[in-house]
Structures are given as C-alpha cells and as structure tokens.
Amino acid sequence: MEDYIVSARKYRPATFDAVVGQPALTTTLKNAVKSKKLAHAYLFCGPRGVGKTTCARIFAKAINCLNPTADGEACNECESCKAFNEGRSYNIFELDAASNNKVEDIKALMDQTRIPPQVGRYKVFIIDEVHMLSQQAFNAFLKTLEEPPAHVIFILATTEKNKILPTIISRCQIYDFERMTVPEIISHLKMVASKEGIRYEEEALNVIAEKADGGMRDALSIFDQAASFSQGDITYEKVLQDLNVLDSDNYFKIIDLALQNKVSDIMLLLNGIISRGFDGGNIINGLASHVRNVLMAKDDSTLPLLETSDQQRERFRDQARRCPTPFLYKALEIMNRCDVNYKQSSNKRLLVELTLIEVAQITQPDGDDKPGAGRSPKRLKILFKNLMVTPQPKPAQQVVGAGVRTTAARPQTVTTAAAGPKPAAFGASATKGKAIPNFGFTFSSLLGKDRQAAATTQTQSQTRENQAFTQEQLNVEWVSMCNEMAQDLRGMAARLKNMIPQITAPEAIEIAVDNDFLKEEIENLRPKLTGTLRRKLHNDHIVISLRTARKEEVKVALTGKQLFDKMRTENAAIEHLRSAFNLELS
C-alpha cells in the first residue's frame, strides 16, 4: 500500500514560479540570485500558511545551486540541488525557535557558522518562529547576526514581527508576505483536484477558500478533509455539512426579511440556525461580513473588493440594488455594537435577537416617539399595525345670557384598523339599553393624551411625600441604605449598621453616635442620609439629628470568639450542638 501524503506536503512549491500569491517577493529573490547581490540576513514576515518557510527553502537551494538558470531558479541537477532534494544537504540548516529558544541552542548554532561549506557557496540557517527566542537568546544572537562570516546567510521567519527586537529587525532585509486571495486559492485547488482526479463544484471550493482565511496550507488541509468526506466528489452541500459552515443563503434571507420588516420570520429563521448548533456570535459576525459585501457591491469601483466567486458576486449585486445605503450603514453599526457586547452578555441569545429586531426596524416608519426635550427615542418601534385614534372635536361655545361658557364635546372612541363595535367608556357597562355612566375619560383619551394619568401620578406622589412610617420600616430601610452605599464608604456603612436610629417625633429621627470623632464624620454625610431616607420612606419632612451616646449606650464590639461564647452561654442548644460534635471556632 502506497504511503499517503497530504496535499500541503505533496504539492509544496519547489520553485519560485510555483509559489502562489507572492509575485513581488519571488521576483525580488530571483533577481538577487541572478545578480549575486545577497544580504547576510533576511526576515520573512506574514500570517501562517502563506509560504514563508517554503520560500526560505527555495531561496536557500537557489543560493547554493552551482548552475542557476537565467531567471534565478535552481537547476535541480547539480550535486548541491540533489543533496537538498534528497534531504542530505549539510549546507542548509533549519532550526525551530519555538522548541530551541535558549541561549545554549543559539550558541550551538553559532558554533556551526564557523565551519565553511563543503559543497556550494554558502551555509544557510533558516530559523522558523524566530519571535519565540528568549531575550537572552536574542542578545547572544545579535553580534553574529550583525557581522556573520562571509559564507553564512540567515533567513528568519515569523508570524509575529512585533515581538522581535528592533535591533534584530534593523540588521535584516524585511519581506512581508500577504494573505492569498480567494481566487488565487481556488485556482490552486483546481490544479490539485485535476491532478488527483477529484470532481468538484466551484461553489464548494469557494467555501473552502473563504474558510482558509488567506492561508494556502489551511486551504489544502480543508480540501483533503472535504475530499475524504465526499469520497472524491466535492459538492457544495457536502462541504457545508463537513465543515459545519452556515449557508450564505441564510444571510441573504435575513437581509431580505429585514427590508420587509418581517421580524417574526427572522426569529423563526434564527431559531432554526441556532438549533443546528451554530453560535449566535458567529451568526452576527457572518451577517456583518455579508452586509459589508453587499455595501461593496453597491459601487462598481468597490466590486473587486469582494473575494468570492462570480456567481456569488452577482447575488451580492442583485441584493445591493434593493438595499438602501443608509440601511447598510445602520445595520453594520448595530451588529458591531452587538459584537462588542457579546462576550459580556449573560443572555447571549437575547442580545442576538434584539440586534436582529433592530436591523429589521431600520426601514420601519417612525412612530410617535419623536426626539424631544433634548433626548432621542430609545424604544423599539412598534412591529404591528398602530391603533388609529380619531381626532378630538373642538369644544363648542354656547352663549348663556351675557356671558360665554365652553362645553367640551364627548370624546370619540377608538377606531382600529379592523372593523368592530365601538368600546364603551373606561369603567362603564356595555349592556344594551342601560345608561352608560360618564367618568370623564374614554379609552381613546387614554391613548391620545396622558393628562389624567399624569394627574393621578402627581396626586399619588403628593400623598407619598408626607407618608407616615414606623420604627420597623425605618430599621429596614436604614439597613438597606447602608448596603447600597458606595465602595469607598464600606467602612462607614458597617459602623452605621451597628447604630439603631430612633423616631423621636413623627418626622424626626435621632442617631446616637459612639464618639465625637465619628459624629463629625457622619455629620458630613447627614444631607445624603436624609435625602435617601426621605426617598425610601416617602416623606420629604424627615429630619435627622445626631448626638453623642451615653456610656451605657455604647456597645463594645465583640470578636468572633467572644460572640460565639456569648451565644452558647445564652442558648443551651448551641452549647449542646458544640459538645456533641466537638466543635471549636477557628
């Protein structure tokens, strides 16, 4: 049985021309080989799976090739190239800095630099993940990197350039590798599929390319996984099933439903997606990316920014024609806010649902909640048909003798969108033939104006302002106030809890304080204490007075041991429990 080799290794580029997505870098390296103008140190930076180590190996082989081609490629026929291809070259060394990051490892590497190459021109040291070196290892490496022997070339590769010392970076030629585009990955996957005899759908390859996030190695690994799952016939449905990727059709449907303000349908669609195991945060992120693509499809000049297949690009253009630009801007803002708050939310599904409801309301006409009095409306808009209130008739004037008096006409009842009987006045009987008492307002007036409700609230507030309270109510609200005090007043709150305020008059409260020093501190807080108790006890006439406690009123603060001894002395049951279980207070 032939040994299986994964595609990422089997189809690893062996020449500069075979490298995908890095034309500027490979051209520069080939020109350096052709002109024989080589630096002593190179730094390859970029995300994972974009060809940093691959280019380092190709470059190292081309440097030592005895007969390089005219365009700077290795000949693959000389002894140096054959030794490299067969894995027996002593001129090219690879070091994994993630597992060899100590000073001793770098010193051993420096010892190798003193030995000149036996075959070829240079000794090339490829140090992968160089940012993993310790501070001491970097310092030990610094001098050799600045002035290495003439036959030594260093190639450093890293995914985190920001972690490398500036003194190291300044001694290297820096090459920044870019993420590969979706079309470039799809093109390479087609080549691999044709060589492996695997059937595929282009939409399936598009999903794989998007999932790879710009890394060719990730794309080839996902491709192998999909090929194994689908038994050599990679289809769009099988890739979605294998990778557990949400179908883009769901995003198109959500936006279409949002434009029609169909919140109920969006909630049902969201429930179906979540029931299949998809995370709410990923749904919001995917929908935000979708809206971004729709926004890019609004203008032909930004259309190339869509890294997707031609078929998907047309779908985005079609939906972009139906989406107003302000809708897209507002939707992105809402979903970005959800993404920021998602991790801190204790009810993540509710946050996602509210976000989608807000998106569905963007094109909803504004209701009665207009901005006013320096504020903006924050309520969710009404999702159903509003009740229609008939306008109130103007008061009719009647002349009585020489004077004029105004008689208000009876308010009209509510007229809803659906035909039906007119509702009776609030609190009246709807029995036919009986007199309907008039209480001065109707259901229509309640919906249209809130005057009577406001008057009732004002009357209740006035009643509460002079509400009487008992000693028990005072004790409860006193402890509640102490528990609500700010963090920087926790010490004072504990002291106040030990004090028992006394009602000396219907609206006068007296507090006995242990000493004059504490009394002075509480005096500074007295206005706040008074205001809080007035609010909690619903009495605006409460007055707090402070006095120094008499000697017999001062309570000695007991330690935990003293308090426990007192409890078991006063309560025989506690002492019996302690003796039965041989308990001691720690």
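## The largest pocket

In this predicted model, the largest pocket has a volume of about 970 Å³. Its lining is made up of 36 residues, and those that lie closest to the centre of the pocket are E210, V245, Y251, G286 and S289.

Several helices contribute to this lining: α8 (182–196), α9 (202–212), α11 (236–243), α12 (248–259), α14 (280–296) and α15 (310–322) are the elements that each give two or more residues to the largest pocket. Among the contributors, α14 gives the most, with eight residues in the lining.

Sorted by residue type, the lining of the largest pocket divides into 16 nonpolar, 13 polar and seven charged residues.

## Cysteines without disulfides

Turning to the cysteines, the structure holds zero disulfides. For C65, the cysteine with the closest sulfur is C75, but the two sulfur atoms are 3.3 Å apart, which is too far for a bond, because a disulfide requires a pair of cysteine sulfur atoms within 2.5 Å. C78 is likewise in no disulfide, the nearest cysteine sulfur being that of C81, at 3.4 Å.

How exposed or buried are C65 and C78? C65 has 0% relative accessibility and therefore counts as buried, while C78, at 7% relative accessibility, also counts as buried, since the cut-off for that class is under 20% relative accessible area.

Key:
Residues are numbered from 1 along each chain as its sequence is written. This is a predicted model: local features need pLDDT of at least 70, side-chain atom pairs count only at pLDDT 80 or more; totals for chains, interfaces and linings use all residues. Side-chain values use heavy atoms; hydrogens and water are left out. Buried means under 20% relative accessible area, exposed over 50%, partly exposed in between (1.4 Å probe, protein chains only). On a 1 Å grid over the protein atoms alone, a cavity is a set of points where a 1.4 Å probe fits but cannot get out, and a pocket is an open set with protein on both sides within 12 Å along at least five of seven lines; lining residues have an atom within 4 Å of a point. Grid points are joined across faces, edges and corners, and a volume is the space filled by probe spheres set on the points. Helices (H or I, at least four residues) and strands (E, at least two) are DSSP runs, numbered from the N terminus. Ala, Val, Leu, Ile, Met, Phe, Trp, Tyr, Cys and Pro count as nonpolar, Asp, Glu, Lys and Arg as charged, and the others, Gly among them, as polar.
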